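Dear colleague,

I am handing over the structure that I have been looking through, and I set out below what was found in it. Please keep the model open beside this message while you read.

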Amino acid sequence: MLISDGTIRGKIEPISAVIRQEINGEYSCDVEIALTDSLAEYFDIDAVIYLDDADGKVQQFRLERPEKTLDSLRAFGWHISQDLAHDMILNDAWITQTGADVLPDLLQAGISETRFTGTSDIMSENSLRIVRKSVLNALIGDDDNTFLNRWGGEIERDNFTVNMKSR
């Protein structure tokens, strides 16, 4: 695991690290490091840590709620794709295309977040109207007007690549 505020600071060894990933839902982690770790001072809110997922791929998580115990630091973190939940689509958009055509534009439709790209293999055509939603909500939210409810699929997250696969 590596910890970062935009630059890699070095390798740390977690006492424990648990990743939770639900299909089209939560992707988060709980991580704990020793207070004696040389990088403990960087283990703070909004720090980005790197963890190996179940497939052995390194994934980025943004920390929230760090807690100090007598001998360790613990924190909850969201997958970096959760940054899309803070990026709003302000313009009223009406889209009628295939899922494969819509997804790349949807990931870039927010007002500030441009790091995310993705593809979809969903070739069915449908319509979607987006009004003042976060990019993540427009993608996998519970509302009727979301990518998930209009085209279906399963989200696949790999750091700043967010794909929507038919299965």
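A residue is called buried when its relative accessible area is under 20%, exposed when that area is over 50%, and partly exposed in between. Please bear in mind throughout that this is a predicted model.

With that cut-off in hand, we can begin with the pair formed by Asp 144 and Arg 150, whose side chains meet in a salt bridge with N and O 3.1 Å apart. Arg 150 has a relative accessibility of 24% and therefore counts as partly exposed, whereas Asp 144, at 55%, is exposed.

Glu 32 counts as buried because its relative accessibility is 14%, while Arg 74, at 40%, counts as partly exposed. There is also a network of salt bridges that links Arg 62, Asp 83, Glu 113 and Arg 115.

Arg 62 lies in E6, opposite Val 48, and E6 (residues 58-68) runs antiparallel to strand E5 (residues 48-52), to which five bridges join it. These two strands form a hairpin with five residues between them, and Gly 56 in the turn has a positive phi of about 85°. Arg 74 in E7 stands opposite Glu 67, and six bridges join E6 to E7 (residues 72-79), again in the antiparallel sense. A hairpin through three residues connects E6 to E7.

Which residues lie closest to the centre of the largest pocket? The space in this pocket is about 360 Å³, and of the 17 residues that line it, Gln 21, Asp 55, Ile 155, Glu 156 and Arg 157 are the closest to its centre. The lining divides into five nonpolar, two polar and 10 charged residues, and its largest share, five residues, comes from E12. Strand E12 pairs with strand E13 (residues 161-165) in the antiparallel sense over five bridges, and Arg 157 stands opposite Val 162 in E13. In the hairpin of E12 and E13, which has two residues between the strands, Asn 159 takes a positive phi near 55°.

With kind regards

Methods. Residues numbered from 1 in each chain as written. Predicted model: local features only at pLDDT ≥ 70, side-chain atom pairs only at ≥ 80, totals over all residues. Heavy atoms only, no water. 1 Å grid on protein atoms, 1.4 Å probe; cavity = no way out; pocket = protein on both sides within 12 Å on 5 of 7 lines; lining within 4 Å. Points joined across faces, edges and corners; volume = space filled by probe spheres on them. Helix = DSSP H or I, 4+ residues; strand = E, 2+ residues; numbered from the N terminus. Nonpolar A, V, L, I, M, F, W, Y, C, P; charged D, E, K, R; others polar. Pairing = 2+ DSSP bridges. Buried < 20%, exposed > 50% of the residue type's maximum accessible area, 1.4 Å probe, protein only. Salt bridge = Lys/Arg side-chain N within 4 Å of Asp/Glu carboxyl O.
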